Structures are given as structure tokens and as C-alpha cells.
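This report describes one protein chain, from its overall form down to single residues. Please keep the sequence and the structure in view while reading.

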Amino acid sequence: MVVTNSEKASSRPTGASSMPPQVVMLQMANAYRVSQAIHVAAKLGIADLLTDGAKSISTLAEATQTHPQSLYRLLRSLASMGIFAETETGDFEMTPRGATLQSGGSGSLRDYAIVAGEQWHWQTWGDVLYSVKTGKPAFDHVYGMEFLDYFAQNPDLASTFDRSMVSLLETIDTSILANYDFSDAGTIVEIGIPGGYGNLLARILTANPVLRGVFFDLAPGLELAKTLLTEQGVYDRCQLVEGEPFSSLPKGGDLYILKNFIHDFNDQDAGRVLKHCCEAMDDTAKLLVVEMVIPPGNAPALGKIVDIEALIMSSGGYERTEAQYRSLFAAAGLTVINVISSRSPFSIIEAVCA
């Protein structure tokens, strides 16, 4: 097979730099250092301290109980990447990127950045070669137990991880709301996942006052969902149903939503959940599965690196291509009718029972 020059060019990663390949490779190979620097700034709460304006390094060091010159070197490095900015007087101030590290509020990634740099996380990535050689989770190899068992023994780490998932799910929810019309959905069934607790359902019902909702989860998730839905003023239009998706799902919904869930499981287990969705749906109901869909070719995509996270952290889970999702859905009796991209890394897969 002859490969033309245009085909060669199309196989290059999109946005490839004009810098020498050695320079680009050096930047890529050192990316973990950037992650750790962001982690430290997030853990110290630097962004919170800059909320009301620029601060001197001495003020920041005193507030964070750090060594002034060392803190300066860290922030100077982050400022070179647009995370904070150094003023002409040597103070540091907020930037739009840095603002994502502020605590709480919409779009906060502080907890996510903290988790990305925690010891348990980077030690697992440090053993990625084990997973590549064996196909087994590096986490289990490093810590001698599964991910969830480790968190059960370390509740503080689990709490931070849960908060990081809340911020990630908020990003997903925003992309769904911006790219899908729910106005004619009737009754929406959201299938609960760790960290979800009805956030998306609450936002959909708030934006669509005539719709009704069902939140389906285990008992602890239902308690948290009840509080959230009540706070958002939509609980009177909701029904809470206890259960888990590997056994059955409530019937009668016009639209079922399953987000950031399928990628955690192998095809057999994921297929079981999808079959239960189809069994619960009538002829006019639809299913929305929200996941990172791996694009074809060499195009860069967050899902491609997150897929390595799935490899090292869990057994069987992986990020799928559109073709793999279509095949998985078909085996479960579902037909994909649309794959909707968004400005986030997540896509909306819309399906009906075949």
C-alpha cells in the first residue's frame, strides 16, 4: 500500500508544534512535573488567596506556611504556563486558568488537581509498565488490594476523591445541558453513580418546570439526592427508587440517563446494564449514555490518556470508540441513533431499543 504525503500529514497529531521534535518530547516527558506543581498550588490554596487581588510572595508564604523563595520559584513556573501571573512588582495575581483552582463554585478543579498529584495516584502511574505487560491493574499490584478497598481504609483520601468526581460530573452535566434538548422528555430517569446524587436531574428539572424525574440509586445515594433535590426546589417532582443497575431499572421513563459509568466495566458487565435499560424502556423511550468517545486516527483526545487510567486502576474498564459503543449497544438490543459531541471531552450517545 502506497501512503501519500497528504495521508502522512493527516496521521500527525493535530496541532503538532513547529518546534524541534526533541523540544516537544522534552515537554511531554516532563508533563508529570507540571501536574505535581499544580497539585501543590491547589493543596496550598493559592488561588483562594488571590481571589481578592494580587499578593506579594511574602504574604502568600506566610499564609501557606511555606519557604518564600521556594514558593516564588513554584509560582513563577506556573505563571509561565498561564496559571497565575507575576506582576512587574513581583506580586502574583489570578488568571482564568488559575481561577479553576479556587475552592467550590462552578467549574472548580481544585480537588481534581489535588487528586492528580496525590502519592497513591502517582505511585500507581509509576507502575504502568506492569499493566502494559500483564493487562492487570497496577493499583492492585502496588497496594495489594483493589481501588475501592483501599479507599475504604483511607476515608480522608476517599473524601477528596469523591469531591474531585463531583467537579468532573459538573463538567459533564454542563456539556449535556448545553447540547441536548430535554423539553419534551416527560419523565427522566437518572441512574445514580458515585458522586452524582441527582445533580444533573435537578438541573434538568429546574430548566424544564413541566418535567418529572426519577432518581435511581442505592440507599446512601438516595439520601444525598433527597437533600440536593430539596435544596434545588424540585423534589416535589421527583421519585426516589432504590436499587442497582446490574439487577433491574424502574420502568415508565421517557428518557434514561447513564453518565460516566459504562467505561468502568468490561463488555459483559456493561452489556448487562444496557440490557436492563432496554428492558425498562418502552418503544418510544430513549437512552442517553454520556462518556468520552475515543476519536479515530491520531487526533489528540483526553479520553486516550484517561483510558490508560482505566487500565491501571480497574479490571476490565476502558474508554471506547464510537464503533465499539455501537457494537456494545447492539449486543444489548439497543440501536445508536445519534452521537452528539460537546465542547467538553464527553459525548452524548443517544439510543433506542432495537
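## Surface and overall form

The accessible surface of the protein chain comes to about 18400 Å², and carbon and sulfur atoms hold 55% of that surface. Accessible areas come from the Shrake-Rupley method with a 1.4 Å probe, and for residues only the protein chains shown count as cover. This is a predicted model, in which local features need pLDDT of at least 70 and side-chain atom pairs count only at pLDDT 80 or more, while totals for chains, interfaces and linings use all residues. Residues are numbered from 1 along each chain as its sequence is written, and side-chain values use heavy atoms, with hydrogens and water left out.

The protein chain has 18 helices and nine strands; these are DSSP runs numbered from the N terminus, with helices (H or I) of at least four residues and strands (E) of at least two. The radius of gyration is 22 Å, close to the 20 Å that the globule rule gives for 354 residues, so the protein chain is as compact as a globular protein of that length. That radius is taken over C-alpha atoms, and the globule rule is 2.2 Å times the number of residues to the power 0.38. Along the principal axes, the C-alpha atoms fill a box of roughly 65 × 60 × 40 Å.

Buried residues make up 41% of the 354 residues (buried means under 20% relative accessible area, exposed over 50%, partly exposed in between, with a 1.4 Å probe and protein chains only). Among contacts (heavy atoms within 4.5 Å) between residues at least 6 apart in sequence, 66% join residues at least 24 apart.

## Confidence

The average pLDDT, the predictor's confidence in each residue from 0 to 100, is 91 for the protein chain. A score of at least 70 is reached by 95% of the residues. Over residues 1–15 pLDDT stays under 50, and the model has eight contacts beyond four places in sequence for this stretch.

## Helix α6

Helix α6 covers residues 68–79, and its 12 residues reach 16 Å from first C-alpha to last, close to the 16 Å expected at 1.5 Å a residue. The expected span is 1.5 Å times one less than the number of residues. Its buried residues are Leu71, Tyr72, Leu74, Leu75 and Leu78. Seen down the axis of α6, these fall within an arc of 165 degrees, so they line one face of the helix; the arc is that of the directions from the helix axis to the C-beta atoms. They pack against α3, α4, α5, β1 and β2.

Asp269 is found in α16 and counts as partly exposed, at 23% relative accessibility. Gly316 lies 47 residues from Asp269 along the chain, and their C-alpha atoms are separated by 9.2 Å.

The buried residues of α13 include Leu168, Ile172 and Ser175.

Phe346 is found in the loop between β8 (334–340) and β9 (347–353). Phe346 is buried, with a relative accessible area of 2%. Leaving aside neighbours within four places in sequence, Phe346 is in contact with Leu168, Ile172, Ser175, Asn260, Val290, Glu291 and Met292.
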